[in-house]
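Colleague: I've got a new model open on my screen and I'd like to learn how to read it. Could you walk me through a few features?

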Amino acid sequence: SPGASVAAVAGSGASGYLDATGLAALFKFPEAIHFDAAVTGCFAVADKDSFCVRRFCPGTAAVTTIAGTCESQGNSAALFDEVNGVVYDGHGNLFVAESNDQIRKVWADGSVAVFAAGGALDHPKRMSIDAFGNIFVGQYSANNVLVIAPDGAVAKDAAATSTLPRLRTDHTRTTSLCRFMRLSSWCVDSPISSKTARRISS
């Protein structure tokens with residue numbers, strides 16, 4: 001809004017990796033951020049080019065690493081590929097989208113497991129989660145939006161189930177007629193009962 005102030009709260013602006021407090025911390029291409037309102041009251045940050053997930057807590061301004069080995073790229077419980085997106089569920093568990101066509105789940109206790117991989121996944125990026133636990137994934141290379149059920153099952157058509165929001169263009173066309181190019185980010189509209197997703201950017 002007019003008159004609102006903008007100030008840096010974490011990161012010096014220089015590129016690098018350093019866990020520290022406030023502006024003393026360093027990030028290397030923070031690609032996405034999501035707030036854990038249910039459990040920690042902190043933000044998860046997808047530190048893409050550091051290959052790890054960082055945490056920023058507004059109360060203390062502390063920046064820490066919560067998943068991955070920063071500045072080491074890989075595909076194991078301790079190593080991540082480029083981290084493109086993060087989203088919390090309502091229980092403190094974190095879902096992480098990676099450039100190697102998979103989404104991993106970081107449990108609240110810190111353990112890491114593959115949640116969905118391969119198949120229709122193609123460069124997943126930003127994610128949103130609805131009240132039913134369905135995860136919606138914007139895909140940069142595939143130019144589409146996937147929905148992943150709580151059990152990890154992947155579907156391409158977000159309008160296939162009545163409990164899921166329908167995607168529409170400005171001309172109210174359903175998902176089968178929508179076209180995207182290099183889809184980067186989006187979010188589920190609130191309330192869920194509106195059955196719409198708005199302001200989809202590509």
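This is a predicted model: local features need pLDDT of at least 70, side-chain atom pairs count only at pLDDT 80 or more; totals for chains, interfaces and linings use all residues.

Colleague: Let's start with the rings. How many aromatic pairs does the structure hold?

Modeller: The general idea is that a pair of aromatic rings is described by the distance of the centres and the angle of the planes. Rings of Phe, Tyr and Trp (its six-membered ring) pair if their centres lie within 6.5 Å; planes under 30 degrees apart count as stacked, over 60 as edge-to-face and the rest as tilted. By that rule there are three aromatic pairs here. Take F43 and F56: the ring centres are 6.4 Å apart and the planes are at 25 degrees, so the pair is stacked. F43 lies in strand β2 (residues 43-47) and F56 in strand β3 (residues 52-57), so this pair ties together parts that are 13 residues apart in sequence. Strands, by the way, are DSSP runs (E, at least two residues), numbered from the N terminus.

Colleague: What kind of pair do F95 and F115 form?

Modeller: That one is edge-to-face, with 4.9 Å centre to centre and 65 degrees between the planes. F95 sits in strand β6 (residues 94-98) and F115 in strand β8 (residues 112-117), so the pair ties together parts 20 residues apart in sequence. Both F95 and F115 are buried.

Colleague: Where do the charged ends of R104 and K105 sit?

Modeller: Over rings. The rule is that NZ of Lys or CZ of Arg must be within 6 Å of the ring centre and within 35 degrees of the ring normal. The charged end of R104 sits over the ring of F80, 4.1 Å from its centre, and that of K105 sits over W107, 3.6 Å from the ring centre.

Colleague: On to the strands. In what order do the four strands of the open sheet come?

Modeller: In general, strands of a sheet pair through backbone hydrogen bonds, either parallel or antiparallel. To count as paired, two strands need at least two bridges found by DSSP. Here the order is β9-β10-β11-β12, with antiparallel pairing. β9 (124-129) and β12 (154-155) stand at the edges with a single partner strand each, so one side of each has no neighbour in the sheet. Between β10 (residues 135-139) and β11 (residues 144-148) there are five bridges, and F136 has V147 as its bridge partner.

Colleague: How many residues of β5 are buried?

Modeller: Six of the six residues of β5 (residues 83-88) are buried, so the strand is largely enclosed by the rest of the structure. β5 pairs antiparallel with β6 over five bridges, and the two form a hairpin with five residues between them. In the turn, G92 has a positive phi of about 85 degrees.

Colleague: Which residues have a positive phi although they are not glycine?

Modeller: H123 is one, at about 60 degrees, and N143 is another, at about 55 degrees. H123 lies in the loop between β8 and β9, whereas N143 lies in the loop between β10 and β11.

Colleague: Last topic: how many salt bridges are there?

Modeller: A salt bridge is a side-chain nitrogen of Lys or Arg within 4 Å of a carboxyl oxygen of Asp or Glu. A search of the whole structure finds six. In one of them, R54 meets D19, with the closest N and O atoms 2.9 Å apart. R54 is in strand β3 and D19 in the segment before β1, 35 residues apart. R54 also bridges to D47 at 2.7 Å, N to O. R54 is buried at 0%, as D47 is at 0%, while D19 is partly exposed at 32%. R104 pairs with E98 at 2.6 Å between the closest N and O atoms. Finally, salt bridges that share partners join D19, D47 and R54 into one network.

Key
Residues are numbered from 1 along each chain as its sequence is written. Side-chain values use heavy atoms; hydrogens and water are left out. Buried means under 20% relative accessible area, exposed over 50%, partly exposed in between (1.4 Å probe, protein chains only).
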